[in-house]
Amino acid sequence: AAARLAWARSLAARGATDAAARVLETQLAESPNMVDVLDALAEVLAAQGRWKGVVRTLRRLFALEIDPIRRADRALAIGEVHARKFDDPRGAAGWFKRAVELDPGRLRATWRLLEEARRAPEGEVPVEHVDDAVDRAIAALRGRVTEQPGAPEPLANLARLLRQRGLSDACFLVCATLDYLGAADAPMKAFYEARRERVALDFARPLSAELRDELLVHPHERGAARALFDAFSLVLTELLADRVPQGVPRLSRRSFAPWQADFRSLAGGLGLDDVELWNAGRSTEPVRALYLPQPALAVAARLLEGRIDASQAFALGHRVEGLRAGRLLFERHGVERVAACVGRMAEELSPGIMAGAAVGEALPPDLEGRLLDRARRLPRRLKLQLDTLAADARLRRGLDFGRLAQGVAATRDRAGLLCCGDLRTALDQVIFADEAAAEAARGTPDGLRAALDRSPAAHQLLAFALGPQLERLRQVLGLAVS
């Protein structure tokens with residue numbers, strides 16, 4: 001077989017294509033599934049201009065291939081023959097569609113499908129087939145850009161496909177990323193700038209608990225540690241409550257009404273409309289989140305005198321989300337202290353529940369005494385819930401409060417982005433809160449890409465912004481641009 005294949009190629013190289021084809025067909029009569037021989041025959045038939053024979057041979061190769069990538073190669077080749085030699089846009093589109101199904105990341109197949117669909121008479125290439133192929137390519141590209149969110153080429157391709165699909169809001173977020181990185185071409189920059197001013201800071205409807213858990217919450221903020229923390233969050237916010245700073249009055253409903261209206265819309269949109277507001281006067285800290293033990297914000301007077309802009313909306317969304325069910329305690333007291341408080345109360349109610357889990361630092365005796373006293377007075381139903389958790393060893397192994405704290409921080413960044421609506425602003429806030437990332441940024445595109453590599457928080461936030469979750473959230477909550 002090898003000798004015949006070499007002889008056929010030698011004949012073809014000398015222009016004796018008829019003789020080469022006979023040699024190859026003789027070999028295929030004996031061994032019909034030899035891929036190398038079929039490849040050589042397709043080349044010889046193409047040299048002769050026998051395109052129907054080329055397609056028959058390529059279809060045999062398509063049927064023989066097992067690897068999806070190789071099958072996609074064959075489908076793409078067949079599609080090109082239909083397009084360029086048969087002037088058959090419908091047939092070409094069908095094969096390009098197969099190539100996309102087999103290898104959604106093969107963007108050449110997607111672009112060629114779109115070209116042939118435009119060239120075909122109206123109705124010949126079903127719109128739903130084109131949309132399905134584009135959706136597959138978008139999903140594949142989103143996977144790539146979430147792993148390497150600072151790479152301009154896949155981002156640019158993603159923006160083009162999203163716009164082709166009519167997904168304006170998702171395209172807006174990708175164009176914002178390209179503009180931030182200094183990699184947007186003129187049409188993408190114009191698309192972003194034309195819609196940037198339309199970004200609204202208020203919600204058409206509030207974020208439900210179900211939607212928050214499904215789309216906003218970071219995966220690390222799930223599981224047994226969260227369930228255990230939530231069980232004791234009210235007690236923790238009471239026992240670890242802050243004191244109102246001296247000279248800070250509570251805001252009346254009538255004072256600074258425009259700012260308060262903006263804030264109530266924002267906090268209500270996040271589903272947290274019970275946050276108290278206090279006037280922090282000339283405080284150097286613009287916004288301080290507190291548990292009194294009820295959730296509260298102390299806001300500097302210079303902010304209250306204006307309206308909420310994008311950067312303030314990010315900061316407020318970030319802090320309001322932190323006030324949800326005691327989440328701020330991780331930032332205020334540290335993971336070790338919070339884990340120790342939860343662990344001592346849980347052990348008091350259900351001995352053995354913390355077996356094998358990190359229990360945090362030693363607690364001051366007075367705090368430990370108050371924790372245990374409150375734990376003993378908690379409802380019996382909570383003890384039953386903890387006993388169920390303690391009986392499940394798999395769940396107990398998930399009691400990682402460090403991981404939970406990381407998830408809480410990421411969710412707070414996501415809430416800030418959701419509220420401010422401007423990805424550039426959100427990334428700036430996250431990057432420049434990280435010393436190493438801020439030093440790397442230096443205000444240049446290359447520096448910003450380096451900053452994304454150095455800041456896991458910024459990397460995670462950008463991956464969230466470029467994925468389908470934020471797009472759906474913005475649509476459901478009435479925040480999307482058109």
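User: What makes strand 2 and strand 3 partners, and how do they run?
Analyst: Five bridges join strand 2 to strand 3 (residues 295-299), and the two run antiparallel. Two strands pair if DSSP finds at least two bridges between them, so these two qualify. Arg288, for one, stands opposite Ala298 in strand 3. Bear in mind that this is a predicted model, where local features need pLDDT of at least 70, side-chain atom pairs count only at pLDDT 80 or more, and totals for chains, interfaces and linings use all residues. Residues are numbered from 1 along each chain as its sequence is written, and side-chain values use heavy atoms, with hydrogens and water left out.

User: Why do strand 1 and strand 2 stand at the edges?
Analyst: The sheet is open, with three strands in the order 1-3-2 and mixed pairing. Strand 1 (276-279) and strand 2 (287-291) each have a single partner strand, so one side of each is left without a neighbour in the sheet. Strands here are DSSP runs (E, at least two residues), and helices are runs of H or I with at least four, numbered from the N terminus.

User: What makes helix 16 a neighbour that packs on the sheet?
Analyst: Helix 16 (residues 310-323) touches strand 2 and strand 3, where contact means heavy atoms within 4.5 Å. Its direction makes about 5° with that of strand 2, on a scale from 0 to 180 degrees between N-to-C directions, using axes fitted to C-alpha atoms (for helices, over the stretch in contact).

User: Which residues make the lining of the largest pocket nonpolar, polar or charged?
Analyst: It divides into nine nonpolar, three polar and eight charged. Ala, Val, Leu, Ile, Met, Phe, Trp, Tyr, Cys and Pro count as nonpolar, Asp, Glu, Lys and Arg as charged, and the others, Gly among them, as polar.
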